[in-house]
Amino acid sequence: MEALYGALEAGRVGIFESPTGTGKSLSLICGALSWLRDFEEKKQQEEARILAPEASGQEGKTQPASASAGPGHPESSGAAGEPEWVTAFVQKKEEQDLVDRLKEEQIRRKKREERLERIRHNVQLKYAAKRKRSEEDETKRLLQLSKEVFSEGDGVDVLEQLDHNEEELILAEYESDEEKKVVYGLEADDDDLEEEHVTKIYYCSRTHSQLSQFVHEVQKSPFGKETRLVSLGSRQNLCVNEEVQRLGALQLINDRCMEMQKNKHEKKSHEENEGKKRRVSRTVCPFYSYEQMQFLRDEILVEVKDIEQLVALGRETKACPYFGSRYAIPAAQLVVLPYQMLLHEPTRSAAGIKLKDQVVIIDEAHNLIDTITCIHSAEVSGSQLCCAHSQLLQYMERYRKRLKAKNLMYIKQILYLLERFVAVLGGNVNQNPSCQAVSQTGTVLKSINDFLFQSQIDNINLFKVQRYCEKSLISRKFFGFVERYGGTATAVKTNKENQKLAGLQNFLLTLQQGPNKDGTPQSPPMEAESDQLRTASPLMQIEGFLSALTNANQDGRVILNRQGTVGQSSLKFLLLNPAVHFAKVVEECRAVIIAGGTMQPVADFREQLLSCAGMDPARVMEFSCGHVIPPENILPIILCNGPSNQQLEFTYQTRDLPQMMDETGRILCNLCNVVPGGVVCFFPSYEYEKQVYAHWEKMGLLARLAAKKKIFQEPKKASQVEQVLVEYAKCIKRCSQAGGQMTGALLLSVVGGKMSEGINFSDDLGRCVIMVGMPYPNIKSPELQEKMTWLDRTMPRAAGQAPSRVLIENLCMKAVNQSIGRAIRHQKDFASILLLDHRYARPATFNKLPQWIRERTQVKPAFGSAFAEIRKVRTCILDTSTKTVSHCTHLYFSQTFTLE
């Protein structure tokens with residue numbers, strides 16, 4: 001807390017490491033909010049000092065220190081060569097402006113505090129607002145009923161009704177190159193919703209479950225009642241309009257919401273055209289109401305609420321939680337939000353987040369670099385490109401006479417872009433992508449400029465196209481069109497000649513791929529993303545790719561991945577320099593705290609994020625605290641040799657050897673004999689875990705293991721993970737209660753899989769964690785090779801090592817640290833950690849382990865001495881297992897296996 005307070009006070013960028021179970025969340029809350037409280041007190045004292053002379057009627061009597069020259073020195077001049085009286089006048093004006101601004105802030109702050117205090121203590125206001133909402137609902141219901149009765153007597157023409165509904169699919173007139181200075185979502189009389197941003201703390205984490213957990217910690221803390229906290233989320237999490245929620249896909253929900261807001265603002269102009277024969281009636285959101293928005297904003301600020309409570313309040317008040325929470329941002333002291341909302345500048349701006357002179361805390365930041373890279377990368381498949389081209393072409397043909405010239409121009413540009421993208425992949429947009437064989441398969445990486453030149457689209461202004469897509473909401477209109485005419489729009493139109501050609505290509509493709517193992521010819525591959533295309537317009541994905549192409553040439557690469565067919569091929573933008581996007585956050589903020597349970601190795605954060613962002617090294621500080629558990633509660637061991645004295649070195653060349661897999665099996669058999677409860681074993685990949693499992697089964701080692709522990713394997717499908725974890729926990733509980741030969745369960749997991757992050761193997765769920773080998777990434781990956789080349793070209797060598805080599809080591813150890821950190825989860829927990837590879841003992845690798853593990857790690861050349869150490873802790877485990885298993889089971893059913 002003290003280190004955090006000092007970093008915020010000094011305006012530094014801090015990298016903080018605090019292991020799980022050490023009270024990291026509470027320390028962040030108390031340290032940050034204590035600083036904010038003191039900062040606000042100092043600010044108010046300074047304001048009072050400045051306003052004191054005016055309050056006592058001494059305005060104008062105090063002379064600025066620089067105005068020491070009197071009337072007798074007419075030639076005296078200021079530093080800029082101006083006469084002294086001019087300098088004095090300017091300074092006096094600035095002082096008066098400051099006083100006026102402070103007065104306004106005081107009045108605004110006083111009004112806000114009085115309003116919130118009234119809501120906090122006057123329950124009658126809440127009941128009055130609720131009664132008013134009920135009356136409005138009843139009025140709307142009666143109006144709707146009368147309209148239905150009236151329409152029944154009129155006999156509305158069905159054809160006109162179809163035309164009336166189809167009006168919403170037509171693109172509105174687009175004003176090229178000029179942004180309308182109208183913020184949809186704020187009415188003209190919404191000034192009361194806009195306030196000056198107070199100094200605040202932005203806290204962000206990876207998932208909504210982590211954010212909810214943090215909010216609950218704030219509620220329990222000493223600051224729970226006095227802090228103005230706002231929880232932000234996506235429309236998908238906060239929307240209470242069931243009609244919009246049914247759309248499912250996030251992009252569709254966003255577009256539909258924006259369309260409804262736009263309709264609300266266009267309502268007045270439509271009402272003026274009531275005399276026309278056919279009126280266009282557009283849907284508006286019933287939850288977007290100025291008065292209810294104002295009420296919800298104040299309710300949010302009065303009491304700390306998490307996402308679920310915010311949604312429930314929105315339903316109760318008939319107000320939109322998404323916009324209600326955003327209107328509460330300016331007056332909030334603590335804003336809780338997911339990573340993507342803070343790290344993606346367009347999303348940040350749309351949410352009304354202003355980082356200037358504010359504090360940002362990024363928790364669970366061990367994957368921060370990967371997160372920034374993923375947010376700003378994009379991929380589109382050949383089938384998506386062809387599908388979008390076909391649908392957009394049909395849309396343009398259907399509404400050509402209704403579309404304005406600007407719209408037609410931009411639609412034709414997008415069609416040309418799609419045509420060129422498919423051509424680069426070796427296909428033709430007018431033919432079925434799943435039947436077009438690619439002549440030259442493989443992966444090619446190109447710079448952005450080279451890709452634009454090869455695609456022959458370097459003459460198109462992608463910035464204008466990107467802005468057109470954003471402003472015109474074309475993807476939303478497009479999706480409505482596909483929904484209405486999906487049967488005809490989704491298929492690529494081909495004439496009879498093209499159909500024959502497609503059939504011939506299909507046959508040739510079958511010959512090229514060869515027969516299956518059973519001798520039957522292979523059928524053309526079905527498109528994997530067909531389900532995705534049904535739920536969302538492919539144009540939404542393509543918009544993201546076009547946006548990515550507007551990055552600077554040196555900061556990214558375009559990957560052309562040509563597979564068997566055009567439909568299977570893809571274009572992907574890979575961001576190489578995440579610092580270019582993170583730099584804006586660091587430059588604007590007063591202080592930035594990057595925190596996590598396992599931050600080692602921190603070199604990546606310093607070099608790839610902060611140094612590349614132009615950060616002064618003196619401004620960066622590191623802090624790592626030890627664990628709260630006693631030293632005897634953890635036993636980390638680096639094992640260099642197995643039971644038969646086989647050296648443990650799981651390189652890509654040696655790990656497939658039968659003797660290495662046998663030695664691994666013997667180690668696990670010995671450990672399972674003495675370790676009760678759960679044992680979690682991590683392998684470098686799914687393929688290697690499957691290979692080892694098959695070998696053990698063949699050699700009889702699996703049967704020996706199964707006699708002591710029931711064996712579970714981590715599934716590849718995310719939907720099956722929770723079921724496996726449930727059975728794993730139940731088995732451990734059953735074995736501990738029944739006794740007998742079976743002592744628990746063995747879970748075979750994969751580094752980088754679902755079980756290596758975000759899951760707590762506390763107490764009996766993880767009494768021993770084993771890491772088989774060193775999980776180095778695949779250096780043959782084109783993406784990784786390009787990243788390594790870019791680092792070697794842009795970064796200096798560190799301690800004689802090439803930056804690319806440092807990257808590989810860091811990626812490996814980051815994955816290891818995340819996996820082995822699954823075991824110790826609270827103060828009274830205890831476990832053994834075994835690293836099966838002698839290379840972990842190398843100083844460069846050893847120093848990248850977390851400090852609290854490194855301090856207690858023993859290097860054991862022989863298996864016998866390591867086994868003896870593990871047997872020592874067995875007595876302790878057996879003595880406490882009966883006490884902890886009930887606690888462990890309770891933890892499981894409440895929050896232990898939280899999938900993130």
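The legends below walk through several views of this predicted model.

**Notes for all views.** Residues are numbered from 1 along each chain as its sequence is written, and side-chain values use heavy atoms, with hydrogens and water left out. Because this is a predicted model, local features need pLDDT of at least 70 and side-chain atom pairs count only at pLDDT 80 or more, while totals for chains, interfaces and linings use all residues.

**View 1. The whole protein chain.** Here you can find 35 helices and 18 strands; both are DSSP runs numbered from the N terminus (helices are H or I with at least four residues, strands are E with at least two). Of the 900 residues, 50% are buried, where buried means under 20% relative accessible area, exposed means over 50%, and partly exposed lies in between (1.4 Å probe, protein chains only). The accessible surface comes to about 43,000 Å², and 51% of that area belongs to carbon and sulfur atoms; areas come from the Shrake-Rupley method with a 1.4 Å probe, and for residues only the protein chains shown count as cover. Among contacts with a separation of 6 or more, 82% link residues 24 or more positions apart, a contact being heavy atoms within 4.5 Å.

**View 2. The largest nonpolar core and its neighbours.** A nonpolar core is a set of buried Ala, Val, Leu, Ile, Met, Phe, Trp, Tyr and Cys residues joined through side-chain atoms within 4.5 Å. The largest one has 109 residues, and those with the most contacts inside it include Phe421, Phe545 and Phe582. Helix 17 (residues 405–424) gives the most to this core, with 10 residues. Take a look around Phe582: beyond its neighbours within four places in sequence, its contacts include Leu343, Ile362, Leu368, Val592 and Leu610. A second, separate core of 38 residues includes Val721, Met813, Ile824 and Leu835.

View 3. Strand 14 and strand 15 (residues 744–750) run parallel and are joined by five bridges. Zoom in on Gln713 to see Leu748 of strand 15 standing opposite.

View 4. Within helix 32 (residues 803–820), Glu809 and Arg805 are four residues apart, about one turn of the helix. Their side chains meet in a salt bridge at 3.1 Å, N to O; the term needs a side-chain nitrogen of Lys or Arg within 4 Å of a carboxyl oxygen of Asp or Glu. Glu809 is buried, with a relative accessible area of 7%, and Arg805 counts as partly exposed at 39%. Salt bridges that share partners join Arg805, Glu809 and Arg842 into one network.

**View 5. Two buried salt-bridge pairs.** By the rule above, the count comes to 15 salt bridges. One of them links Asp298 to Arg297, with the closest N and O atoms 3.1 Å apart, and both residues are buried. Another joins Asp837 and Arg839 at 2.8 Å, N to O; both Asp837 and Arg839 are buried.

Technical notes. Pairing = 2+ DSSP bridges.
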